[in-house]
Amino acid sequence: MDTSTKLVVLYVEDNVDNRVLVRRILEADGFAVIEACSGPEAFEKLKTQTPDLILMDINLPEIDGYTLTTAIKTKITPETPIIALTANVMKGDREKTLQAGCDGYIQKPIDVDALPNQVRSFLRSKTKE
Ligand code: MN
């Protein structure tokens with residue numbers, strides 16, 4: 001995988017169908033995609049790779065996405081934007097993701113046409129800071 005010039009997205013997601021879908025959408029748009037299916041796997045990937053952005057499922061086995069986000073932000077890579085990608089759309093869920101340290105929130109179901117620009121908008125707001 002040539003990640004030298006492409007923007008790299010780490011997608012943390014336990015559902016294989018979502019991983020396949022997001023990889024397909026983002027790669028077709030010129031991104032490089034790294035996958036992790038759990039918190040421990042995400043930590044493992046982050047030892048050797050520095051993504052430009054992390055897409056974070058919230059309902060994960062072992063370590064949920066809130067806890068994982070807080071751990072990544074405080075202990076590993078505070079600068080990397082983390083965007084929650086979740087079906088949790090109850091009142092208060094968005095606030096919970098932001099409190100955990102997420103920089104943004106994308107609601108499932110995934111909008112195939114909108115996702116690349118949604119991701120790009122979070123990368124732009126990062127570079128403006
Ligand atoms: Mn999940």
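**Exercise 1. What spacing do the donors of the manganese ion follow along the chain?**

Before you start, keep in mind that this is a predicted model.

Solution, step by step:
- The pattern to find is D-x42-D-x1-N, which is the spacing of the manganese donors along the chain.
- Now put names to it: the ion is coordinated by D14 (OD), D57 (OD) and N59 (O), at 2.1 to 2.2 Å.
- Finally, check how open each one is. Buried means under 20% relative accessible area. D57 has 3%, so D57 counts as buried. D14 has 36%, which means D14 is partly exposed.

**Exercise 2. Work out the order of the strands in the sheet, then see which helices pack on it.**

Solution, step by step:
- Start with the sheet: 5 strands form an open sheet in the order β2-β1-β3-β4-β5, with parallel pairing.
- Look at the ends of that order. β2 and β5 are the edge strands, each pairing on one side only.
- Going from one strand to the next, the twist averages 25 degrees.
- Zoom in on one pair: β1 and β2 run parallel and are joined by 5 bridges. For V9, the bridge partner in β2 is V33.
- α1 lies across β1, β2, β3 and β4, and runs at about 165 degrees to β2. Helix α2 (residues 39-48) also packs on the sheet, where it touches β1, β2 and β3, and its direction makes about 135 degrees with that of β2.

**Exercise 3. Find out which residues of helix α4 are buried and why they line one face.**

Solution, step by step:
- In α4 (residues 93-100), the buried residues are D93, T97 and A100.
- Look down the axis of α4: its buried residues fall within an arc of 65 degrees, so they line one face of the helix.
- Then ask what sits over them. The cover includes α3, β4 (82-86) and β5 (104-107).
- Walk off the end of the helix and you meet G101, which follows α4 and has a positive phi, near 120 degrees.

**Exercise 4. Trace some of the salt bridges and say which parts of the chain they link.**

Solution, step by step:
- The structure holds 9 salt bridges. Let's take three of them.
- One of them joins the side chains of K108 and E13, at 2.9 Å from N to O. K108 is in the loop between β5 and α5 (115-128) and E13 is in the loop between β1 and α1, 95 residues apart. Both K108 and E13 are buried.
- Another joins R23 and E35, at 2.7 Å from N to O. R23 is partly exposed, at 25% relative accessibility.
- Next comes D103 with K73, whose closest N and O atoms are 2.8 Å apart. D103 lies in the loop between α4 and β5 and K73 in helix α3, so the pair ties together parts that are 30 residues apart in sequence. K73 counts as buried at 14% relative accessibility, whereas D103 is partly exposed at 40%.
- Last step: look for shared partners. Salt bridges that share partners join R19, R23, E27 and E35 into one network.

Terms used. Residues numbered from 1 in each chain as written. Predicted model: local features only at pLDDT ≥ 70, side-chain atom pairs only at ≥ 80, totals over all residues. Heavy atoms only, no water. Donors = N, O, S within 2.8 Å, 3.2 Å for Na, K, Ca; no water. Buried < 20%, exposed > 50% of the residue type's maximum accessible area, 1.4 Å probe, protein only. Helix = DSSP H or I, 4+ residues; strand = E, 2+ residues; numbered from the N terminus. Arc of directions from axis to C-beta. Contact = heavy atoms within 4.5 Å. Salt bridge = Lys/Arg side-chain N within 4 Å of Asp/Glu carboxyl O. Pairing = 2+ DSSP bridges. Axes fitted to C-alpha atoms, helices over the stretch in contact; angles between N-to-C directions.
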